[in-house]
Amino acid sequence: MPSVITLTTDFGLSDAYVACMKGVILSINPKATIVDISHSIEPQNVVQAAFMLHIAHRYFPNNAIHVVIVDPEVGSKRRAIILLTPLAYFVAPDNGVLSYIINELHPLRDPIAHPTSRVHLRKEIKENIKVISITNSTFWHQPVSSTFHGRDIFAPVAAHLSLGVPIQKFGKRIDTLNIIPPLTPDFDSADNLVGHVLHIDHFGNLITNIKNIDLSKDAIAIRIGRHLIKRINRYYAEVEGLAVIPGSSGHLEISLSNGNAASFLRAKIGDQVKLTIQKKKL
Amino acid sequence: MPSVITLTTDFGLSDAYVACMKGVILSINPKATIVDISHSIEPQNVVQAAFMLHIAHRYFPNNAIHVVIVDPEVGSKRRAIILLTPLAYFVAPDNGVLSYIINELHPLRDPIAHPTSRVHLRKEIKENIKVISITNSTFWHQPVSSTFHGRDIFAPVAAHLSLGVPIQKFGKRIDTLNIIPPLTPDFDSADNLVGHVLHIDHFGNLITNIKNIDLSKDAIAIRIGRHLIKRINRYYAEVEGLAVIPGSSGHLEISLSNGNAASFLRAKIGDQVKLTIQKKKL
Amino acid sequence: MPSVITLTTDFGLSDAYVACMKGVILSINPKATIVDISHSIEPQNVVQAAFMLHIAHRYFPNNAIHVVIVDPEVGSKRRAIILLTPLAYFVAPDNGVLSYIINELHPLRDPIAHPTSRVHLRKEIKENIKVISITNSTFWHQPVSSTFHGRDIFAPVAAHLSLGVPIQKFGKRIDTLNIIPPLTPDFDSADNLVGHVLHIDHFGNLITNIKNIDLSKDAIAIRIGRHLIKRINRYYAEVEGLAVIPGSSGHLEISLSNGNAASFLRAKIGDQVKLTIQKKKL
């Protein structure tokens, strides 16, 4: 039976919103272990939440229940879903916040147009995962507000899941999901890999969507804005100055030793980064 | 036996103050479940803490123990109290921080003059609640500092309560309490309801002391500063721009879809809001 | 068997770094009680972390496991250690972050030159404490990144410790440690006690390395920058204005009642403070 419930939101920590969710969970399952992943997602930044959840969830026990509330459309008709993968449960609005989780299980084949698009899960994906549209109000906290489904729907559903209620009790199985593209970097005409900054951490490190394993030996530098960074380091203190680091998340980072790369580069989430490669001589 | 202990303070999260309280609690009751409600109350803002606690405590299990430390007079002769209601325990300085809790159980009849006033609990209130003046140092952490009773008095008292120590062991029953007025909005001569902003949340929503149920069908707009907001919405993304929302706390909120209402309006805690009503034609 | 694991880092709370450590711990010991001491240590400020840990750890249950990750040299050859004292376990990089803990057990005799110096533990210290160099990768999270040993080495080691694995399983006993001087204030030629600001708290109180017990009756004032503060108070609200308070940490604080002393004095961590004494008449 799952026992750990994690929370990822854009609620911040100054209000009691997160506490209300915890109170609701503990009222249903007093033995639940609740862990905050982050409550500092940029307000309504679904992509940042999707990325951070994707990185963090791997380190939690199997069958953990991950609740993700970055939910600009709360109160509208957007769906609420449970996603069950071989590794974990996810309870979230159906707004693309689970895109990286889905894409890792089975990379989505077709190019997806901006903005958020509803995709049909392919047969081989459906064998590995289940998606439920949460509709059974029996498991909700009443009365349900129109602005705080985290407290009134997602938290109590997670708590009942942690008590072992089977997912089919919460609603019907569905086979479509909303996905946010682009999920992965792409090659330009010169074979450079073009990605972007997905997250800026507390130290000012820029975490990109280019994976460490994409750092082939032909790669010679990363370009961001007007800066070309030619140092590829193993750890932060290895040398002075700006450097590219294969990060602990599995993604390339741009860092400034003894400094804040984001401030120095005036970089922000969404900025383009380009991994330039050595041209082969003809 | 109560098992959940919540903490509400103005300590912030950059220091170890909250951690020291948790260490003291776990040293006494290693099985206590401790939940942070908020540590971002404005320094020494007793009214904000009173409101936030009042909203959040409803979502916790029955018999939860709510510790509230916003305590500008720590070290002086202000009393420390335990309040037992039909729902929960509260452990706090007697400085008005429990005003909303008391007022909800039995609305205080008489107008109360500013500032904090000591009121006598009426007979029908005393049947439902018990108030203890904490004086028995047996249950304190020694030595008791003069500046951190959260760690040395309130936390250990809460921990012993969570082990089932009866409240009369902590001190004598009293029947007066300090209350902070005004607790509720009031009508002006034109029958408009005049309240004020009690809290500004992480998204910039202004939470007022006007309740959703006060939003009669005659209400047509809210005035704040020079702004008259005529839209009353059901949820944040419903329309663009400023709107009044019946909030998830049971209180009216002023919000700006895809924006920060507090920044836009340059509003702050304590600002007046006025719910204007439709004049009946004669 | 130890049961509480505390975390002190400079990771902040906006990222999932702390959550990843908690996930790793709970994957190994699902029953661990994890408490955050602080994640707001200034980036790479080993001295501030050393001080805060030293103050906070006293309030936790015996045999608690304190994990401290302020680790500018992560990925380099700096050692990772377990320190076992009569009171608790500490799991940390060997960069001086345990200096105050060691110094309290047995004040270091010899003057230590700046910067961080490796000192040999004296015989009488070695009878009371054990230091292990963490080298046994069996207990690490694989693969080990070069930038996040908190997640890959320190967290899993703490989790295995909490399950009762004996410390000698994690590596060999060593008898040197890196220590950061100066740990204590010193007397100037006029017998004034010269210390410095170790921490600035959320309220703007300046916490110094001068202990309350150093406040002899000859002490008449504290000088910081151009300010001479002559009031020595017992608690914050006792009088208006700047005052010296014997703080709840056991260290003298400079505070401003109803204000922020740090902003008012434009003080920062590391600033000199001088406790001036009454000159004896000849």
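The legends below describe several views of a predicted model.

**View 1. Chains C and A as superposed copies.** A rotation of 120° with 0.0 Å of shift along its axis places chain C on chain A with an RMSD of 0.0 Å, where the superposition is by least squares on the C-alpha atoms of residues with pLDDT of at least 70 in both. The two copies are therefore related as by a three-fold rotation axis.

**View 2. The surfaces through which the copies meet.** Because only 4% of the interface residues of chain C are also interface residues in chain A, the copies meet through different surfaces.

**View 3. The fold and extent of chain A.** Chain A holds six helices and 17 strands, which are DSSP runs (helices H or I of at least four residues, strands E of at least two). Its C-alpha atoms fill a box of roughly 65 × 40 × 30 Å along the principal axes.

**View 4. The interior of chain A.** Of the 282 residues of chain A, 60% count as buried, meaning under 20% relative accessible area with a 1.4 Å probe and protein chains only. Among contacts (heavy atoms within 4.5 Å) between residues of chain A at least 6 apart in sequence, 67% join residues at least 24 apart.

**View 5. The charges of chain A.** The mean positions of its 29 positive charges (Lys and Arg) and 23 negative charges (Asp and Glu) lie 3 Å apart, each charge being placed at NZ of Lys, CZ of Arg, CG of Asp or CD of Glu.

**Notes.** Residues are numbered from 1 along each chain as its sequence is written, and chains are lettered from A in the order in which they are written. Local features need pLDDT of at least 70, side-chain atom pairs count only at pLDDT 80 or more, totals for chains, interfaces and linings use all residues, and side-chain values use heavy atoms, leaving out hydrogens and water.

Terms used
Buried means under 20% relative accessible area, exposed over 50%, partly exposed in between (1.4 Å probe, protein chains only).
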